Amino acid sequence: MRLVFVHSYKGGSGKTSIAIHLSQTLSTTQKVLLIEADFLMPSFKNIFHEVNPELYFNDYLNGAAPLKDCIYNQSPQLDILFASDTFNPSDRIHSYDRSWFLKIRNRFRSDISNLRYDLIIFDMTPGLQLFALSMMTLSDYLLIILRADYQSFFGTQKLVKNFYSRVVPKIGTKVLAVINQVPDVEEMDSLIEEWQTIYQNSLASPITFVRVNYDKELAYNAARQLVTYIPPDVDQQLVEFFNNGTQTNLE
Ligand SMILES: Nc1ncnc2c1ncn2[C@@H]1O[C@H](COP(=O)(O)OP(=O)(O)OP(=O)(O)O)[C@@H](O)[C@H]1O
Ligand SMILES: [Mg+2]
């Protein structure tokens, strides 16, 4: 069992699109659980609208239901755990109780290992949350999604320095930075190369980079409530990252 966290500094970078795409692609060969861990702005119910969840990740976290009862099957090897789209201030997930977050991490680790998944993919809330701080210490893979803009790049760099470099040094955590929604402009190449060098100096272990261009068809599909795709060359690099953990380059 391997745990993947899809995270970002800013919202709207493409976490949900990439988490869903990856879970669909990788579930053709492995048993995958996709977890919506965005408790502030959940979106899975609008995307997987054919599923009508009655129990949510929130119910498990609050101790109201066992983990397996909150999981819904989406396709032969893909299961989904939804976050509730009703903001409930009494949910423990909205508290600042550090010890509860640590307790829930340990309970989750033990409960999930009984369910025999090959891959667990978390679609996270952007930014720093106690949930992220505690759960991401369990990560085998970390996907940082950032848009190819200056604010997003330098914000993410701060996140790498102040957060990931403390939480992630667990031996063997593989880090992939996906630079998403890149405008198809030639000058972007040298800018991205520069950013890549800065990142490599921010974390002790190497980061793999993947670039995804802004894709009009993907954006149009999203407007029509269709699950998105990633261009085949990028997809291959992502699948290789999970299957072999091999390094890929931007070139
Ligand atoms: N490569 C891309 N090209 C074009 N549009 C994209 C691309 N990646 C994502 N999008 C679009 O950008 C929007 C935001 O994507 P998404 O919801 O996946 O981001 P997110 O990081 O999960 O956002 P949030 O932080 O709000 O949860 C969506 O409309 C999505 O279809
Ligand atoms: Mg999202």
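Mentor: Gladly. Two residues are in contact if their C-beta atoms, placed from the backbone, lie within 7 Å. In this predicted model, take the contacts in the protein chain between residues at least 6 apart in sequence: 79% of them join residues at least 24 apart.

Trainee: Which residues is Thr25 in contact with, leaving aside its neighbours within four places in sequence?

Mentor: Those are Asp235 and Val239. Thr25 itself is found in helix H1, residues 15-26. Thr25 and Tyr229 are 204 residues apart in sequence, and their C-alpha atoms are 9.5 Å apart in space.

Trainee: Why is Thr25 called partly exposed?

Mentor: Thr25 has 17 other C-beta atoms within 10 Å. Buried needs 20 or more and exposed needs 12 or fewer, so Thr25 counts as partly exposed. Across the 251 residues of the protein chain, 39% count as buried.

Trainee: How do you know whether the radius of gyration agrees with a compact globule?

Mentor: With 251 residues, a compact globule would have a value near 18 Å; the protein chain has 17 Å, so the two agree.

Trainee: What makes E3 and E8 edge strands?

Mentor: The open sheet has eight strands in the order E3-E4-E2-E5-E1-E6-E7-E8, with mixed pairing. Strand E3 (71-75) and strand E8 (207-213) each have a single partner strand, so one side of each is left without a neighbour in the sheet.

Trainee: How many bridges join strand E2 to strand E4?

Mentor: Four bridges join E2 (residues 32-37) to E4 (residues 78-81), and these strands run parallel. Ile35 stands opposite Leu81 in E4.

Notes. Residues numbered from 1 in each chain as written. Chains lettered and ligands numbered in written order. Predicted model: local features only at pLDDT ≥ 70, side-chain atom pairs only at ≥ 80, totals over all residues. Helix = DSSP H or I, 4+ residues; strand = E, 2+ residues; numbered from the N terminus. Rg over C-alpha atoms; globule rule 2.2 N^0.38 Å. Pairing = 2+ DSSP bridges.
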